[in-house]
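Please keep the structure in view while reading.

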Number of protein chains: 2
Amino acid sequence: MKYYFDWICPPSRAIYLLLKVNNVPFEGFVVSLKRSEHLEESFKSVNRFQRLPCINVDGYQLAESVAIYKYLCKTFLPVIENYNPQLPKEKALVDEYLEWQANNIRLGGAMYFKTQWMFPKLLKSEANIEEVSTFKYVMENSLDTIEDVWLADPNKTFLVSDKISFADIMACVDLEQIRITGYNPFENRPKLEKMWKNVKALTNPFYDEAHEVCYKMGLNKPKL
Amino acid sequence: MKYYFDWICPPSRAIYLLLKVNNVPFEGFVVSLKRSEHLEESFKSVNRFQRLPCINVDGYQLAESVAIYKYLCKTFLPVIENYNPQLPKEKALVDEYLEWQANNIRLGGAMYFKTQWMFPKLLKSEANIEEVSTFKYVMENSLDTIEDVWLADPNKTFLVSDKISFADIMACVDLEQIRITGYNPFENRPKLEKMWKNVKALTNPFYDEAHEVCYKMGLNKPKL
């Protein structure tokens with residue numbers, strides 16, 4: 001299996017972590033989104049949609065992080081055992097999170113990062129205050145929903161149960177994207193911070209390896 | 001199983017169709033998004049996120065259409081047999097479509113419908129041309145990708161294989177949302193039209209039942 005990804009892309013890091021913590025064999029290729037390498041004509045033979053992250057297994061192409069996660073669950077037993085609950089009702093809650101996050105913390109967090117940090121750096125200009133505040137609202141609302149609804153049950157350390165799942169990994173890669181900007185998502189959100197610390201502890205040293213680029217970008221290497 | 005939905009919401013119609021064509025027993029409740037019935041305090045006991053569509057099975061709450069589809073596949077055998085391919089590589093392509101569509105035809109189509117048709121009707125004002133053209137671009141780009149990439153293989157009548165799947169149903173409910181506005185998604189897209197006709201033929205009379213509200217809104221009851 002060949003895996004194509006970029007460290008700056010949150011779902012790329014999520015799949016990378018899933019592969020590493022489960023010891024799935026793969027050959028990794030970093031493709032630079034910044035240099036639009038995924039849009040080069042030759043990349044069409046890797047992925048027909050020219051999207052990252054993606055896998056290519058002897059010519060079989062698959063993009064979209066949740067689809068890749070599901071495929072890994074079907075084809076690699078360790079992923080099933082460790083990061084994908086088997087009870088249908090718990091499994092469905094992981095699916096619910098993975099769908100929910102796309103229009104909530106992913107949208108808000110990634111766009112807050114882009115408008116507040118990335119675009120101003122690239123364009124050497126002031127941030128567009130209106131855009132930043134729109135996405136900050138979505139982001140903070142999503143973070144509050146994770147703290148108050150997803151993590152409401154005091155018996156659950158993680159988003160879906162008392163065991164880590166791919167949902168928690170997806171949440172943490174989004175948190176790290178937000179942290180690059182200097183925003184602290186854990187202020188007044190103690191359950192979120194606890195979940196994040198637990199995910200880090202369970203997935204290191206791969207967690208820090210996957211986020212090295214983020215830490216450098218934010219110059220906010222976290223103290224643990 | 002109790003199912004809460006609104007006819008005007010494309011994923012609501014998709015799950016409704018999946019339930020009906022597979023003869024899954026359920027009790028259905030229409031919840032008006034227009035009247036914000038899902039945001040009433042009492043609806044929190046139905047779904048903690050107050051989102052549609054959602055199911056409630058003896059108190060077990062689940063929202064997000066793809067998560068509901070996955071849950072039905074796990075719990076109702078007919079859904080597995082008819083609308084969810086069993087080969088891991090085909091199943092993954094259905095998952096890939098279901099994730100891809102969210103930021104493509106769903107985003108473009110639903111927002112084109114809202115900005116071009118719904119907001120002007122509700123607010124009794126002119127459409128915001130800039131907004132409409134932004135979403136029209138996303139929508140047309142997505143429709144072209146379905147025609148040229150998803151349906152590229154002449155041996156496949158449907159999005160993933162030569163058999164209908166939930167991906168095709170999801171595509172068609174989005175097409176109907178677009179058709180309300182009077183836009184014809186099938187112009188110069190013959191493979192898309194063929195797929196849509198096949199989905200209709202295989203899912204009627206439920207397809208027309210689920211889209212009665214759309215047909216009336218668009219006054220464009222299709223001739224077949």
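This is a predicted model: local features need pLDDT of at least 70, side-chain atom pairs count only at pLDDT 80 or more; totals for chains, interfaces and linings use all residues.

Of the interface residues of chain B, 100% are also interface residues in chain A, so the copies meet through the same surface.

**The interface between chain B and chain A**

- The contact draws on 28 residues from chain B and 28 residues from chain A, and the area buried between the two chains comes to about 2800 Å², with carbon and sulfur atoms giving 61% of this area.
- On the side of chain B that touches chain A, at least two residues each come from strand E4 (60-63), helix H2 (65-75), helix H4 (88-100) and helix H6 (129-150) of chain B, when the elements that supply the surface are listed.
- The element that gives the most to this side of chain B is H4(B), which contributes nine residues.

**Polar and charged pairs across the interface**

- Two salt bridges are found by the rule across the interface of chain B and chain A; one of the salt bridges in the model pairs Arg48(A) with Glu96(B), where the closest N and O atoms lie 3.4 Å apart.
- The rule also finds twelve residue pairs in polar contact across the interface of chain B and chain A, with both residues at pLDDT 80 or more.

**Relation of the two copies**

- Chain B is superposed on chain A by a rotation of 180 degrees with 0.0 Å of shift along its axis, and the RMSD of this superposition is 0.0 Å.
- The two copies are thus related as by a two-fold rotation axis.

**The annotated N-terminal region of chain A**

- An unreviewed UniProt entry places the feature "domain: GST N-terminal" at residues 1-80 of chain A.
- Over residues 1-80 of chain A, the chain is 34% helix and 20% strand, while the C-alpha atoms at the ends of this stretch are 18 Å apart.

**Backbone geometry**

- Most residues other than glycine have a negative phi, and most peptide bonds are trans.
- Leu52(A) and Pro53(A) are joined by a cis peptide bond with omega of about -10 degrees, and Pro53(A) is found in the loop between strand E2 (27-30) and strand E3 (54-57) of chain A.
- In chain B, the peptide bond from Asn204(B) to Pro205(B) is likewise cis, with omega near 10 degrees, and Pro205(B) lies in the loop between helix H8 (190-203) and helix H9 (206-210) of chain B.
- Lys124(A), although not a glycine, has a positive phi of about 50 degrees; Lys124(A) is found in the loop between helix H5 (105-123) and helix H6 (129-150) of chain A.

**Surroundings of Val21(B)**

- Val21(B) belongs to helix H1 (residues 10-21) of chain B, and, leaving aside residues up to four places away in sequence, Val21(B) touches Tyr83(B), Thr203(B) and Phe206(B).
- The C-alpha atoms of Val21(B) and Pro78(B) are separated by 9.4 Å, with the two residues standing 57 residues apart along the chain.

Conventions: Residues are numbered from 1 along each chain as its sequence is written. Chains are lettered from A and ligands numbered from 1 in the order in which they are written. Side-chain values use heavy atoms; hydrogens and water are left out. Contact means heavy atoms within 4.5 Å. Buried area is the accessible area (1.4 Å probe) that two parts lose on being put together, summed over both. A salt bridge is a side-chain nitrogen of Lys or Arg within 4 Å of a carboxyl oxygen of Asp or Glu. A polar contact is a pair of N or O atoms within 3.5 Å; within protein, one must be able to donate a hydrogen and the other to accept it, and residues adjacent in sequence count only if both atoms are side-chain atoms. Helices (H or I, at least four residues) and strands (E, at least two) are DSSP runs, numbered from the N terminus. Copies are superposed by least squares on the C-alpha atoms of residues with pLDDT of at least 70 in both. UniProt positions are given in the numbering used here, feature names are shortened, and annotations may be inferred rather than shown by experiment.
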